[in-house]
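Here's a quick look around one protein model. Have the sequence and the 3D view open as you read.

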Amino acid sequence: MKTEKSIIMKIKSLTTHLYATGLILLLVSCEEITTDLSHLNENPDAVEELNPSYMFTFSQLGLHGNFQSYVWTASQAMQHFSTQHEVPAPGDKYFSETGARAMWQWYTGGTSAQTGVSTAGLRNIQRVIREVEGSPEDVNKLSAARIIKVYIFHIMTDIHGDIPYSEALRADEGILQPKYDTQEEIYIDMLNELDEAASAFTAGQPTFGGADLFYNGDVVQWQQFAYSLMLRLAMRLTEVREDLAEEYVRKAIEGGVITEDADIAKIDYSGSGTEAERSPKAEHLLLVDFYNPQANRENRHGGKYSATFIDQLKETDDPRLEAISVVWRPSNQPDRLVDMYTDPEMQEGLESGVHFNTPANYSDLSEPHPNTVLNHDSPMLVMTNAETYLLLAEASLRGWYSGSEEEAYNEAVRAGMRQWALFGSDGIISADRIETYLEDNPYPASGTFEERLDRISTEKWTSLFLDYYEVWANWRRTGYPELTPANYPGNITGGTIPRRLIIPDSELNDNEENFLDALERQGVGNDYTSTVWWDPMHPQQQLN
């Protein structure tokens, strides 16, 4: 809005002009002057009315673009990627907290350096909710917005633990220093939100339609997404609230989760035009750690795949290796510097936490496939049937689902391999190769509980590659797959894999009392080695 001073100056200027022409008393009355000047209170550069559909699209686009510059903490900690350098190695060498606070931008806002999309996801989706919640016919729009809000908040709390929740996003009500809710309270409310939102969808009522990047407004698919997210959240509580976990696992399964490829929650990108039209994960990998091999084959300033990841895929003869990984070799052709190879036997990863000296064969180590993982028009997979089938397999293992544990696992593997076709033709894996893999790596149906949980979780580590934070969350909960920590000289975790990200120091200035109360209540510090409530390593769980 214009300042009072600027408005007065405009009024003076206009009045002087009218006096000069001698028309002010002849043409208008005082009442008409007041009416004519009302437009001076309008900001010509601002949108006076919110478009909920536009803001909803914006919120979906910002779901993952917000933390692309900081994905290394999770992807390296889970030993999907490694690097020889210290600066881009918060998860590989546990060396620096830089960037770990960026998730807080979902509250405060900003602009993604990779996509140009607003990072204020929570603020954006809250504006959508307030715009549509008073209209009964907008029940489907409200439900979809509530689900997106839960999706963002569940990542926030899984990373930080206790956070502002019930009083967050209420600055317009005068709440500038929101309290920190306990993670248990947050989880209970998120599960309830998903339950209410899924139940409220009504066929025939308006939706966001084409503004909905997931499902084009299909309410049945939105219900499946809500129940799938409920299944994920419920399973997170197995070590701390088994009663609540079982209740909502059963409710999610009864409601109906994503099982078909066509129902995957994803965002498709054109790969051309502005950065916002390109896959943010591919864009990030290309800009930050993987360069054009024609210009820099050695990639000595970037990273490689982790040896842990590549070795697992090679040992099990996993066909996904050829879909996601390449090595570069000098070319004999005059029109290019290098040639690309996907031969599994040639693939080799970089040891996690490598010290100082660059391996002699560094230039020959495995990197992401340019036509799938680094493909600009590859999709953003938000929730897949590969994950839901693995969650169903674990639910069966725990006695909470009557379906076949082994068949759910096998369907997860099939779905996890089929999904790479979405990333480009080089990602297509034939049905015969998938079935051969399952025959060579059968599910240990007669194994112990821990052996079966290990297999389910290791497959999740593989199938959810690129969904870094979900892989990290599941590892913290289950401890699988078993990963050997790096112990780089001068690391800040004592040689242990990070289990939590830092809440920004700005909270000491903006919300000090509530921030410190939350830390004291949780009994943890504000560092990489502290834990969230549902983590079995949390001090409270260790006492139980």
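Leu 438 is buried: its relative accessible area is 9%, and under 20% counts as buried. Keep in mind that this is a predicted model. Leu 438 sits in helix α17, which covers residues 431-440. Skipping neighbours within four places in sequence, Leu 438 is in contact with Asn 410, Val 413 and Arg 414. Its C-alpha atom is separated by 10.0 Å from that of Tyr 409, a residue 29 residues apart from Leu 438 along the chain.

Now for the nonpolar core. The largest one has 131 residues, and Phe 214, Trp 222 and Phe 225 have the most contacts inside it. Helix α8 (residues 139-160) supplies the largest share of this core, with 12 residues. Take Phe 214: residues up to four places away aside, Phe 214 touches Trp 222 and Phe 225, and its partners also include Gln 60, Ile 148, Lys 266 and Val 382.

Next, a helix pair. How do α9 and α10 pack? Helix α9 (residues 183-200) and helix α10 (residues 219-235) pack at about 160°, with axes 9 Å apart. Angles over 145 degrees count as roughly antiparallel, so α9 and α10 fall into that class. The crossing of α9 past α10 is left-handed.

Here's who makes the contact:

| Helix | Residues in the contact |
|---|---|
| α9 | Tyr 187, Met 190, Leu 191, Leu 194, Asp 195, Ala 198, Ser 199 |
| α10 | Gln 223, Ala 226, Tyr 227, Leu 229, Met 230, Leu 233, Ala 234 |

Sorted by class, the α9 and α10 contact has 11 nonpolar, 2 polar and 1 charged residues.

Notes:
Residues are numbered from 1 along each chain as its sequence is written. This is a predicted model: local features need pLDDT of at least 70, side-chain atom pairs count only at pLDDT 80 or more; totals for chains, interfaces and linings use all residues. Side-chain values use heavy atoms; hydrogens and water are left out. Axes are lines fitted to C-alpha atoms, for helices over the stretch in contact, and angles run from 0 to 180 degrees between N-to-C directions. Helices (H or I, at least four residues) and strands (E, at least two) are DSSP runs, numbered from the N terminus. Angles under 35 degrees count as roughly parallel, over 145 as roughly antiparallel, 65 to 115 as roughly perpendicular and the rest as oblique. A crossing is left-handed if the near helix is turned anticlockwise from the far one by less than a right angle, and right-handed if clockwise. Contact means heavy atoms within 4.5 Å. Ala, Val, Leu, Ile, Met, Phe, Trp, Tyr, Cys and Pro count as nonpolar, Asp, Glu, Lys and Arg as charged, and the others, Gly among them, as polar. A nonpolar core is a set of buried Ala, Val, Leu, Ile, Met, Phe, Trp, Tyr and Cys residues joined through side-chain atoms within 4.5 Å. Buried means under 20% relative accessible area, exposed over 50%, partly exposed in between (1.4 Å probe, protein chains only).
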